[in-house]
Amino acid sequence: MELINDNYKRQLQEMHTAKHQKFIRSGEKKLKPIERFITQYTPTSVIDFGCSHGELLPLLVEHYNINAVGYDPGVAEFENIPTTAVDCLTSTDVLEHVEPEMIDNTLKIINSLFTKSAFLLIAGYPAKTSLPDGRNAHLIIESFNWWKNKLETFIDGKIVRADTSPITRSPKKGPTINGHEYIFVIEK
């Protein structure tokens, strides 16, 4: 099942090179939104879907003694989808980067990767960053209800948490960015 086209994968790989290091999120920044989820669900294994360079993975091992693996098609070390399902899946600021024609397949794969629960944080606003081809890095900017319907369609289980928060970002260049951030927790 295809999740990404070759041209877009090359662009993501370029974005993840040393000249774009400023865009890589620290593990601590990725850990903060999922701490409550990890504490509540106490998984023994986690996949960080869209893990970038894997900054979160050692923190999950160190702080929670979790077997943590990652997937990110833009980073050679993590470009292979794990083949074994885990207790929980986390994905923070990732799904809006998926090509629109690949989102259904991506959600089907996500569904197959976890057995207990998933934490999904999705941005509903334009990114401050552009892709090398000039497109906004957030390829899917949709409403809370659009995402909720997609998740209910392609992921087995029940959405047990669904939050939306307004977001305002002030980039160094360009206009202020307004939108929403969505958090979904799904239990199987």
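Student: Let's start with Phe-37: buried or exposed?

Tutor: We go by relative accessible area, worked out with a 1.4 Å probe on protein chains only: under 20% is buried, over 50% is exposed, and anything in between is partly exposed. Phe-37 has a value of 2%, so Phe-37 is buried.

Student: Before going on, what kind of model is this?

Tutor: Residues are numbered from 1 along each chain as its sequence is written, and side-chain values use heavy atoms, with hydrogens and water left out. Local features need pLDDT of at least 70 and side-chain atom pairs count only at pLDDT 80 or more, while totals for chains, interfaces and linings use all residues, since the model is predicted.

Student: How many aromatic pairs does the structure hold?

Tutor: Rings of Phe, Tyr and Trp (its six-membered ring) pair if their centres lie within 6.5 Å; planes under 30 degrees apart are stacked, over 60 edge-to-face, and the rest tilted. By that rule, the number of aromatic pairs is 6.

Student: Which kind of pair do Phe-37 and Tyr-41 form?

Tutor: Their ring centres are 5.0 Å apart. The angle between the planes is 45°, and that pair counts as tilted.

Student: Ring pairs link Phe-37 and Tyr-41 into a cluster with which other residue?

Tutor: The cluster holds Phe-37, Tyr-41 and one further ring. That ring belongs to Phe-119.

Student: In helix 3, which residues are buried?

Tutor: Helix 3 covers residues 56-64. Its buried residues pack against helix 2, strand 1 (45-49), strand 2 (67-71) and strand 3 (86-92); packing rests on contact, meaning heavy atoms within 4.5 Å. The buried residues are Leu-56, Leu-57, Leu-59 and Leu-60.

Student: How wide is the arc they cover around the axis?

Tutor: The arc is taken from the directions from the helix axis to the C-beta atoms. These residues lie on the same side of helix 3, because their arc is only 165°.

Student: And what arc do the buried residues of helix 5 cover?

Tutor: In helix 5 (residues 144-154) the buried ones are Phe-144, Trp-147, Lys-150, Leu-151 and Phe-154. They sit on the same side of helix 5, because they cover an arc of only 130°.

Student: Which side chain does Asp-48 join through a polar contact?

Tutor: Asp-48 lies in strand 1 and is buried, with a relative accessible area of 0%. A polar contact is a pair of N or O atoms within 3.5 Å; within protein, one must be able to donate a hydrogen and the other to accept it, and residues adjacent in sequence count only if both atoms are side-chain atoms. At 2.8 Å, the partner of Asp-48 is Lys-30.

Student: What about Tyr-125: with which side chain does it make a polar contact?

Tutor: Tyr-125 is in the loop between strand 4 and helix 5, and at 8% relative accessibility it counts as buried. Beyond four places in sequence, its contacts include His-138, Ile-141 and His-180. The polar contact, at 3.3 Å, is with the side chain of Arg-169.

Terms used: Helices (H or I, at least four residues) and strands (E, at least two) are DSSP runs, numbered from the N terminus.
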